Amino acid sequence: MLDYIWLIPVFPLLGAAIQLFFGRRLSNKAVSAVSVGLPGLSFLWAVGCFFQFLGLSEDYHHVFAKPLYTWLPAGAFHLSNGSLGNLNVGVGMQLDPLSCVMMLVVTGVGFLIHVYSIGYMAHEGGYYRFFGYLNLFMFSMLVLVLADNYLMMFVGWEGVGLCSYLLIGFYFLRKSATNAGIKAFLVNRIGDAAFLLGVMLMVVTFGTLDFQTIGAIARNPNLHVSGGIITTICILLFIGATGKSAQIPLYVWLPDAMEGPTPVSALIHAATMVTAGVYMVARSNALYALSPTALALVAGIGAATAIWAASIGLVQNDIKRVLAYSTVSQLGYMFLACGVGAFTAGIFHLMTHAFFKALLFLASGSVIHALSGEQDMRKMGALKTRIPTTYWTMAAAALAISGIPPLAGFVSKDEILWQSFAGPYGHTLLWTIGWITAGLTAFYMFRLIFMTFWGESRVPHEVEHHIHESPQPMLIPLVTLAGLSIVGGFIGWPKSLWGGEWFGKFLEPVFEGNPIVPPHEYGAGWEYFLMGLSVVTAIAGISVAYRMYVQQPELSDRVSAAAGGFQRLLLHKYYVDEIYDALFVNRVKNLGNALAAFDLGVVDGGVNGVGWTTRMSGELTRLWDTWIIDGLVNVLAMVVKVLSWPARILQTGLVQNYAWFITMGVMAFMLYYMLH
Amino acid sequence: MIPTEYYIFLGTGLFTIGVIGVLTRRNVLIILMSIELILNAVNINLVALSQYFKSVDGQVFAIFVITDAAAEAAVGLGLIIALFRNKETVNADEIDLLKW
């Protein structure tokens, strides 16, 4: 199976091709069979590859590479250090523990979301189009995670961006959806440009783009590349990651991306695509390990984003927007982990987050489905008995994300918090931010649960009697993901709690050979203390939410009234969109308008001027022609006419005139003879 | 016996009337009739001078002229009909085909 590993992305590509070329003529049943079946096949193939990979002998160095063909034989050129490089960019697959994790998450969660979409999209127009894009996304994402070099990764990177754009704007008749799509695409473009610059800098620095070769070069103790260049590369790559993974300052597109259908939010904007940045940073760990500056930046941005987005999530009323900010915040955690050098913890959180955040989105989709499209939590409430399966699965996910043991989120988030405290690049400040964010997370998550499922029903009457539990295809993924959210943490259960940290051991070879920075020395007591502290914080967050939204609903109004300006600031998302509009968007628009004016005035004016000149010179020629050329001819004719006048008046054509001349002539002759 | 001069004067008068008719009348038919007047004026002269010179040649010539006048009248009337069919007019001043 490993030899045919390229089939994993090809299956969904086939599905996308079938849908996008012939889908219009297929029935909905056929569309779902093809487009859910092929990702399912892809998942089975991935599982097969995974087990075969585990069974490989020791001398494979934990990497299975499958080069397919040379894509760009760029040939020889001079590197920045003067030596001769030879760039050959290939298309190939690389399977190592890191891409194994990503591959299984993408195919597994992706397949479940495909199943869910059968139910969720059943009554929507463009059914085949939706599945076509979704399959195309799966293909691009798998190319991204299975690529063996940066350029091929970039192909997948752009592919997922395109699919994200297409799916956010899926309801293209709605202006806000197309705007959100454009926003996502443009904001991502900023990041992508930086990513591409980073890739180019790697080409001239290392002369190769292969992950393996770059890793080997970077881990060579006799490395002759200056730290500044490494830091620049790392920062450029990280800017790319902030775009794709929605970090400060490029996170603004993700909340708007909720305009897309909910399965899309779950798959692309929670579980897989937005984690591509984390994957990329982890994939480049050999470079980041050389640059503490870049790591500090990653950690700082991650921590800042975590608390920033979590604070906005506190007051949002749209159920999907709460989850969107939560996603941004959790992605911040992952970058925080990478930034403190704990790539394993970041990837672990990436995986568990994929489970519970996909579940949260799918469950929110189920809620929206039950309420005939209502997304405002102020118009929900008391749903827990009406849609019990949705409630229980969503509650499990909320507990997981809040970090309640022994659920998946507890294990991964606690690992991140511990690493940010005691890890090689950890700092108390980073831990503090992460810890506060954990409390905020528990609060806004249970605010969502309580507002949606508990308390008094605020559902409008006409929606009330339509409330129904979702169909089977939607519930099966919910239950499966709930199971994964509950038990998913055990594969990485920490040693301090008598676990095996099997996940960390599995990933270890990926990060092997990086320079070892000794972690801070804290005793095991500290670890238990911090663990207890974060659990207590999570419970405190939940109980505050319970007080404010279940016991005394009027309390929440009192609090927001007391908070006043700050609450308004949060509600308007710190006015970041407005600031960006004023600083950048409007500047670009003005530039565009100026260029349009330039186009209209100068370029069009030039063209029009040339046209005018031609017309005027034509007019001159016409005047010359009519007056001078024609005039000469006419004058000539006039002269002839005048000269011919005596001849003309003689020739009247009238017989009698001629007879008259004859008579006169005869008489003249007669007179002449008579006089002589 | 009427003196010969009288015939000559009659002939001259008829000839003059004929020429004026040819030159001034618009109708082609009248012009043809005026030509007949001219021919007949000549005939009178021929016959009168034949008597005067005691020679029969003039009278023979007059008979030729009469024959010729008959032929001319036939051809002339035919021309007038052809003219009318093409031009729908028999007015001489409306027909200036000779100019072209």
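Select α3(B) to begin: this helix is hardly covered, the count of buried residues among its 31 residues being one. Here a residue is buried if 20 or more other C-beta atoms lie within 10 Å of its own, exposed if 12 or fewer, and partly exposed in between, with C-beta atoms placed from the backbone. Helices (H or I, at least four residues) and strands (E, at least two) are DSSP runs, numbered from the N terminus.

The model is predicted: local features need pLDDT of at least 70, side-chain atom pairs count only at pLDDT 80 or more, and totals for chains, interfaces and linings use all residues. Residues are numbered from 1 along each chain as its sequence is written, while chains are lettered from A and ligands numbered from 1 in the order in which they are written.

**Chain B and its helix**

Stay with α3(B) and follow it from end to end. Its 31 residues reach 43 Å from the first C-alpha to the last, close to the 45 Å expected at 1.5 Å a residue; the expected span is 1.5 Å times one less than the number of residues. Next, select Glu88(B), in the segment after α3 (57-87) of chain B. Phi of Glu88(B) is near 60 degrees, a positive value in a residue other than glycine. Glu88(B) counts as exposed, with 8 C-beta neighbours inside 10 Å.

The mean for chain B is 91, and 100% of its residues reach 70 or more. For the complex, the predictor gives an ipTM of 0.87 and a pTM of 0.79.

**Where the chains meet**

Display both chains and select the contact between them, which takes 10 residues from chain B and nine residues from chain A. Two residues are in contact if their C-beta atoms, placed from the backbone, lie within 7 Å. The side of chain B that touches chain A has seven nonpolar residues, no polar ones and three charged ones. In this division Ala, Val, Leu, Ile, Met, Phe, Trp, Tyr, Cys and Pro count as nonpolar, Asp, Glu, Lys and Arg as charged, and the others, Gly among them, as polar.

**Chain A as a whole**

Along its principal axes the C-alpha trace spans about 165 × 75 × 50 Å. Of the 676 residues, 48% count as buried. Among contacts in chain A with a separation of 6 or more, 81% join residues 24 or more positions apart.

**Into the core**

Select Leu142(A), Leu336(A), Ala358(A), Leu359(A), Leu362(A), Ala397(A) and Phe446(A): these have the most contacts inside the largest nonpolar core, which has 207 residues. A nonpolar core is a set of buried Ala, Val, Leu, Ile, Met, Phe, Trp, Tyr and Cys residues joined through C-beta atoms within 7 Å. Helix α15 (residues 343-370) of chain A gives this core its largest share, 17 residues. Apart from this core lies another, of five residues, among them Val19(B), Val22(B), Val28(B) and Ala92(B).

Centre the view on Ala358(A). Not counting residues up to four places away in sequence, Ala358(A) touches Val109(A), Ile113(A), Ala266(A), Leu267(A), Ala270(A), Ala271(A) and Leu481(A).

Move to helix α5 (residues 150-168) of chain A, where 19 residues reach 26 Å from first C-alpha to last, close to the 27 Å expected at 1.5 Å a residue.

**Loops of chain A**

Select the loop between α15 and α16, where Ser372(A) is found. Ser372(A) has a positive phi of about 55 degrees although it is not a glycine, and is partly exposed, with 13 other C-beta atoms within 10 Å.

Lys379(A) lies in the loop between α15 and α16 (388-402). Lys379(A) counts as partly exposed, with 15 C-beta neighbours inside 10 Å. Its C-alpha atom is separated by 6.9 Å from that of Pro460(A), 81 residues apart along the chain.

Finish with two cis peptide bonds. One runs from Ile248(A) to Pro249(A), with omega near 10 degrees; Pro249(A) is in the loop between α8 (227-244) and α9 (253-256). Another joins Pro405(A) and Pro406(A), with omega about 5 degrees, and Pro406(A) lies in the loop between α16 and α17 (408-422).

Conventions
pLDDT = per-residue confidence, 0-100.
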